[in-house]
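The reader may wish to keep the structure in view throughout.

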Amino acid sequence: MWEYDYPFLVDESNSHTLAMSSETESTDDGIVREIGHDEFDPVGTLALILIYFVIIGGLWAFMYFVEFLGNGPTVV
Amino acid sequence: MEIHRYEKLWFGLSLLLIVGFIGTITYGAVGAGVQMVSDSGGTVDPSYSTINENEKFAQQEGNRAIHVEGNEYEVAVIAQRFSFSPGTGDPITVPEDSRVTFYVTSPDVIHGFSLVGTNLNTMVIPGQIAEVTVEFDELDGDEPKEYGIICHEFCGAGHEEMAGQLQVVPEEQWEGDA
Amino acid sequence: MGVFANEYPDEAFVVRAALGSAFVALALGGLMGIIQTLHRTGYYDSLISNADYYTVLTLHGVAMVLLFTIFFLVGFFQWAMTDSLGRESEDIRITKLWYGMMVLGAAMSAVAILGGFFDSGSLGDVQADVLFTFYAPLEAHPIFYVGLAVFLVGTWLAGVDWFRSWWAWKQDNPNERTPLRAFMVLTTMLMWYLATAGVAISVIFFLIPWSLGIFDSVNALLTRTLFWFFGHPVVYFWLMPVYMMWYVIMPKLAGGRLFSDPLARIVFVLFLVLSVPTGIHHQYVDPGIAEGFKFLAMTNTMFLLLPSFLTAFTVVASLEHGARQRGGEGYFSWLTALPWHRPAFTGMSLAGLMFAAAGFSGMINAGMSINYLVHNTLWVVGHFHMTVGTAVALSFMAATYWFLPIITGREIFSRRLGLAQVLLWFMGMVLMGNAMHRAGLAGVPRRTADPTYDQVVFDGAYGAIGELRFQIALGGVLLSLSLLLFFTHIVLSSFDIGDRAAATPDTIPAPLSGPEHAPAVLDNLRLWTTVAIVLILLTYILPLASIVTNGGWLGGSYGALVAEYVLPAVSSTLDVFVGVIG
């Protein structure tokens, strides 16, 4: 198993042991539970990206068929 | 390597978008007949005298489109700091319901030639002749339709003044002015 | 272990210097920006003349997209290499040398541009009113071009410096995968070498001799094409450090882990391979280039969307991971569990959000025929203000809030100030960028001191032109205020004001899917560079050959020196050859 060999930088054990001062971003990274590779399904990302897909597809169709083709005369 | 199935789905959707984009543009070329400015206009030495010896520019006297045959017309425009000839001053005139080919070049620096509110939009590069063809529809009624022409590529101090006009005139007026 | 500034003081010094130069450029560019905005919208056009507007515009463009972005990149990349490889620079004098060259080159070009404000005196002849694209036959003083060349060579040397570090690291770590950040730096620099080849040829072999009077003319289309050979991939040079921030730093800020290291590597390889053979999409309406070449550039460009689409997924998934580790739930409400109180995080998120929108206007720009609608209008200006002006600039500013403590050893002055600054930038750009897009659809042109013409009426379908002008001006003002906040903050953070803690060492957690899952072939940089070169040749050889054949190397006439000496010499040499062989 490949390992980072500079532990001061990469925390391979996954435990977040950052001691931050109070002026900095409060006590911790706000982590309340650990989620590993196999337990994580990015459903939120999927939802957002599907919405994006619909928006982009729709905007493209609008831009091309309405804005562009409606902006005649066009070079032929 | 493993890719999460959601990311695989998104990868597929991304390709769909990409292919869709390329497809719509291709449809425009094949279906609607849209053509890009290309090298069809040929080259010309970027000097005023040489340009005026070129066939298309030599025949252009004044601001009226030159009749070729049927409903086909030609206009040769010289774009230079900071005006269009023809175009600035007296507007270029073309008849309604016509197919007009523009030949545009410059003896000095790079300019733009854009008919505002339309898709007639080309760069004008010294040494190159831009050849673009558009079709002007029949007019509604008998008032001429006016389009503005602007240079949209920085060409020096005075660039912001560089503009002109094109008028599409009704058939009777066109015949009458001949 | 300790904070970067303490662990690697020499390297941190160079990083701070680079960032300092970047911020000087940002300030200069920003000042020009507000002058421009108010001038061309008509709200305050008596400060400068219309002629001087173009000098202002040149400085704005060069300072923002060449100096600010690239100085920031080299600082950030120096940190990334040193920190990820865990080793000092191979020779810190070389590191300082390339930085010094960049400063020298930047200063030379800046002086040339500033000369445009003076019509007489010692700087009377010096000007570079040619805009960031310096299209010939618009001509600048030779010092402008020489400065650009020196700056460029400085960046090339930086790449060499980093490759040396990598080779030395590989000697000491023969069986290890290249750490992700180093991999990102190296692929970016390889892309940069390929990209700059075009503009370097144009500047060194054509523009400098021409501006010195050795050639009488240049082939305008040739130099323009060589510029755009570079002009498209340069945007990826700006974006790739941002992607590094989004892949490496954002998940950590969100309390999560990078979703996939292998996918990040794939994305960077795709940029190396696809970034360059796309430049002709900036020339869709150029005469002198056949439609087939334009179509090929389009397909390459459309496929170049892929690494950005993949990045969107991977980055958002990494943030979602962080949000859920922080207790977030549901399909959408996890978004509220993210650390929005952190300016570094919020700034980068807003930058990413804007990039998703601006990416769409880029997709339109990539469409060959649809380009007729938007070419050289304010739409394009809206597009790049939302991309380089926000995705890049805002991410850089936001990242500074996380980065500054690491390279100075001191925490930033106030997180609230940082948060206000990033929000103000985003709001300003929403206003300005949106209005610019709509004005562009009405046909309002870019690059002009005064977009009002007696002969032309602009028909705004989505808002009257006057309204759009107001939004552009207001947006510009908000952006300038944001810049003021940013600089105030940087200055305050540079002094020991108040009771600020020393920075604490930060750790970057391991990715959810680590490099051990990345196929080894991804790290084969030689292979990918070769593929990139092949694609470039396939895309560019024919159109360039056609331009030269039809228009000549120098656009028709040769300079007196060349005609009198070089050409006869070449032809007699050829005669001798023919005599010997035949």
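In this predicted model, strand 9 of chain B pairs with strand 10 of chain B in the antiparallel sense, over six bridges. Within this pairing, B:Glu146 stands opposite B:Gln167 of strand 10 of chain B. Strand 9 of chain B is also joined to strand 6 of chain B, residues 111–115, by two bridges, and these strands likewise run antiparallel. Here B:Leu115 has B:Ile149, in strand 9 of chain B, as its bridge partner.

The next topic is the contact between chain B and chain C. Chain B contributes 49 residues and chain C contributes 61 residues. On the side of chain B that touches chain C, at least two residues each come from helix 1 (5–30), strand 7 (121–124), strand 9 (145–150) and strand 10 (163–169) of chain B. Helix 1 of chain B gives the most to this side, with 10 residues. By class, the side of chain B that touches chain C comprises 24 nonpolar, 18 polar and seven charged residues.

Within chain C, attention turns to two helices. Two packed helices are described by the angle between their axes and the distance between the axes. Helix 8 (residues 233–253) and helix 14 (residues 378–408) of chain C pack at an angle of about 45 degrees, with their axes 10 Å apart. The two helices of chain C are therefore oblique to each other, and their crossing is left-handed. Among the residues making the contact are C:Trp238 and C:Met245 of helix 8 of chain C, together with C:Ser395 and C:Trp402 of helix 14 of chain C. The residues of this helix contact divide into 12 nonpolar, one polar and no charged.

How values were computed. Residues are numbered from 1 along each chain as its sequence is written. Chains are lettered from A and ligands numbered from 1 in the order in which they are written. This is a predicted model: local features need pLDDT of at least 70, side-chain atom pairs count only at pLDDT 80 or more; totals for chains, interfaces and linings use all residues. Two residues are in contact if their C-beta atoms, placed from the backbone, lie within 7 Å. Helices (H or I, at least four residues) and strands (E, at least two) are DSSP runs, numbered from the N terminus. Ala, Val, Leu, Ile, Met, Phe, Trp, Tyr, Cys and Pro count as nonpolar, Asp, Glu, Lys and Arg as charged, and the others, Gly among them, as polar. Axes are lines fitted to C-alpha atoms, for helices over the stretch in contact, and angles run from 0 to 180 degrees between N-to-C directions. Angles under 35 degrees count as roughly parallel, over 145 as roughly antiparallel, 65 to 115 as roughly perpendicular and the rest as oblique. A crossing is left-handed if the near helix is turned anticlockwise from the far one by less than a right angle, and right-handed if clockwise. Two strands pair if DSSP finds at least two bridges between them.
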